[in-house]
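Here are some friendly notes to read with the structure open beside you. Take the points one at a time, and find each residue as you go.

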Amino acid sequence: MPDTIRARFHIAFPSERGQSFCLDVDAMLPGSGIIAIFGHSGSGKTTLLRCIAGLQKIDRGRLIVNGETWQDEKNFLPTHKRQLGYVFQEASLFPHLCGRDNLEYALKRSGGHCQPKMVQRVIALMGIEPVLDRYPDQMSGGERQRVAIARALLIRPRLLLMDEPLASLDMARKQEILPYLERLRAEFAIPILYVSHSMYEVARLADYLLVLDKGRVAAQGAVSDVLSQLNLPLGFGEEAGVVLTGKVLERDSRWHLVRIGFSGGELWLPDNSDLGKEALRVRILARDVSLALEARDDTSVLNRLPVEVCEIGAGSNEATALVRLKCGDSYIIASLTRKSLARLRIEPGMKVWAQIKSAAIVQ
Amino acid sequence: MGFSQADWSAIWLTLRLAGTVTLLLLFIGTPIAWWLAKTHSRWKGPVGAIVALPLVLPPTVLGFYLLLAMGPNGPVGQLTLALGLGTLPFTFWGLVLASLFYSLPFVVQPIQNAVEALGDRPLEVAATLRAGPWDRFFTVVLPLARPGFVTATILGFAHTVGEFGMILMIGGNIPEETRVVSVQIYDYVEMLDYAKAHRLAGAMLVFSFIVLLGLYLFQHRAHRPGLRYWV
């Protein structure tokens, strides 16, 4: 199939401290959108990305990207012959070149496919015009990373690999770069493999999610499907929650709220003025969802949805449990104490009311 | 300066020897340094030790073995005889060959250190930007490890200029062929001509000081933050 990324890697790394690490991945990923590779540190996500880039050579691997074989039993395409772009975790600009020359380095090697118009577009998209004449040591961490992303785009990749591009930045810098990444997805039709251990980034950016645990694929699928599963071995802990895609239906200027419709219901959420009409994402954390047996109006919670209990799973500790709820075509999960679960006798199949105390529009 | 014809010929010979050796060593030493910096082979230790031997070995010992090897019964001598080149001892090219061994660590080690300090990351970055191996070497390694290459060039040159013991062993004392400055000074001292010895020795002293001062100033400048690799 042309529009897919087929990756199969198997490797056992002997480690010095006696514990060996084994990466065993066989994944068919979509050939478009942002594909997040999520996992805790040591889960093998960076190793997987390096294998895909050819930076780490694995004898037993097979990799087909949008119909082009990058690696199989006989062939191994070296990194510099793969049509990819790579953004490293820490800013990786060449220190002896200024911002412009760093971009030039990519342009010269892009095979002449890059029109001046495209260069201007990338520079504008990343907002780096003012820093182009500076050397990397004269840029802030966020600026360096934006130049590095621009450089990776100017090589005209067919696949963009990003290894926790925000991990080395503080919260403010992360907020600075995230909108650029969103624009990137909207404006460039190239698949992006995005390694992250931040649920927030995944919820905000990803279309597709591959969860790695101890070198194995624990789950994969559309981001809203994977996040509503209870049996993820990681236990997302406090960060467990779902992402729903919806649309603004109505604005209430008196109370500064917006009504957002998603398949399965509607939510009233605080109105951030810059919301567009198009699709947006709402993230509902499990800990912000509580259950009631009957529809109640004597509560401060604005959003109450009729749901059906699907499944009950383990929570982040002994006292809590996660409950998967079906709401129309969508799923949400709630984090409850086991005590409440027993008191209300909640069981799969029951029709209850979910009270959503808060939800964030992440995009 | 009042140098005699013999002095000038010794100086010219010394510069020619040091220049030839340095140039050859940059070509030979760079791959060795690269290999030592990157390899995980179990031969890294032994090879590194052999390269470093001239640092600790008396020059006469190295000279003695090289003399045997280059002599008519030694392996190198047999080879050069078979090729119709005669034997190398007491010739300029014999000195060049011996100096290659003698000055090798002074060229290999600065380059090795610079390549190690550079790490793999800049090379990986360049590879993801479609730069092939040679492209990476010339556009990333050379500019970023330049201080190491400059140090290697200067130390290799200066150390070859300063040879004495090994030159006597291999080259003897033949005017315009093997009589370099250090040997010429030795001759003057043996003849008790201290005035002439002073002139040449003083020139050597000034030369060495200027070289090392230049090296120090260069290193100082090269280590400004601008050239650090960002991690």
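1. Let's begin with Arg146(A), which counts as buried because its relative accessibility is 8%, and buried means under 20%. Please keep in mind as you look around that this is a predicted model. The side chain of Arg146(A) forms a salt bridge with that of Glu176(A), at 2.4 Å from N to O. This pair links distant parts of the chain: Arg146(A) belongs to helix 4 (residues 141–154) of chain A and Glu176(A) to helix 5 of chain A, 30 residues apart.

2. Is Glu176(A) buried or partly exposed? With a relative accessibility of 22%, Glu176(A) counts as partly exposed. You will find Glu176(A) in helix 5, which covers residues 171–187 of chain A. If we set aside neighbours within four places in sequence, Glu176(A) is in contact with Gly142(A), Glu143(A) and Arg146(A). The side chains of Glu176(A) and Arg146(A) are also joined by a polar contact of 2.4 Å.

3. **Another arginine for Glu176(A).** Now look along helix 5 of chain A to Arg173(A). Arg173(A) makes a salt bridge with Glu176(A), and the closest N and O atoms are 2.6 Å apart. A polar contact of 2.6 Å joins these side chains as well. Because Arg173(A) and Glu176(A) are three residues apart in helix 5 of chain A, about one helical turn separates them. Arg173(A) is partly exposed, with a relative accessible area of 30%.

4. **A salt bridge in chain B.** How many salt bridges does the structure hold over all chains? The count is 28. One to look up in chain B joins the side chains of Lys38(B) and Asp120(B), at 2.9 Å from N to O. Lys38(B) lies in helix 1 (residues 5–38) of chain B, while Asp120(B) is in the loop between helix 5 (92–118) and helix 6 of chain B, so the pair ties together parts that are 82 residues apart in sequence. Both ends are partly exposed: Lys38(B) has a relative accessibility of 26%, and Asp120(B) has 45%.

5. **Where the chains meet.** Next, turn to the interface. The size of an interface is often given as the accessible area lost when the parts come together. Between chain B and chain A the buried area is about 2,300 Å², and carbon and sulfur atoms give 61% of it. Chain B brings 25 residues to the contact and chain A brings 27.

6. **Charges across the interface.** Three salt bridges are found across the interface of chain B and chain A. The side chains of Arg109(A) and Asp135(B) meet in a salt bridge of 2.7 Å, N to O. There are also eight residue pairs in polar contact across the interface. On the side of chain B that touches chain A, helix 6 (121–128) and helix 7 (133–144) each supply at least two residues. The residues on that side of chain B divide into 15 nonpolar, four polar and six charged. Do also look for the salt-bridge network that links Arg50(A), Glu90(A), Arg121(B) and Glu124(B).

7. **An open sheet.** Chain A has an open sheet of five strands in the order 13-12-11-14-20, with antiparallel pairing. Why is one side of strand 13 (265–270) and of strand 20 (360–361) left without a neighbour in the sheet? These strands of chain A stand at the edges, so each has a single partner strand. Within the sheet, strand 11 (residues 241–252) and strand 12 (residues 257–262) of chain A pair over six bridges. Here Val248(A) has Ile260(A) in strand 12 as its bridge partner.

8. **Strand 19 and its partners.** Last, find strand 19 (residues 351–356) of chain A, which runs antiparallel to strand 15 (residues 289–292) and is joined to that strand by four bridges. Ala292(A) has Trp353(A) as its bridge partner there. Strand 16 (residues 303–314) of chain A also pairs with strand 19 in the antiparallel sense, over six bridges. In this pairing, Val307(A) stands opposite Val352(A).

Conventions:
Residues are numbered from 1 along each chain as its sequence is written. Chains are lettered from A and ligands numbered from 1 in the order in which they are written. This is a predicted model: local features need pLDDT of at least 70, side-chain atom pairs count only at pLDDT 80 or more; totals for chains, interfaces and linings use all residues. Side-chain values use heavy atoms; hydrogens and water are left out. Two strands pair if DSSP finds at least two bridges between them. Contact means heavy atoms within 4.5 Å. A polar contact is a pair of N or O atoms within 3.5 Å; within protein, one must be able to donate a hydrogen and the other to accept it, and residues adjacent in sequence count only if both atoms are side-chain atoms. Buried area is the accessible area (1.4 Å probe) that two parts lose on being put together, summed over both. A salt bridge is a side-chain nitrogen of Lys or Arg within 4 Å of a carboxyl oxygen of Asp or Glu. Ala, Val, Leu, Ile, Met, Phe, Trp, Tyr, Cys and Pro count as nonpolar, Asp, Glu, Lys and Arg as charged, and the others, Gly among them, as polar. Buried means under 20% relative accessible area, exposed over 50%, partly exposed in between (1.4 Å probe, protein chains only).
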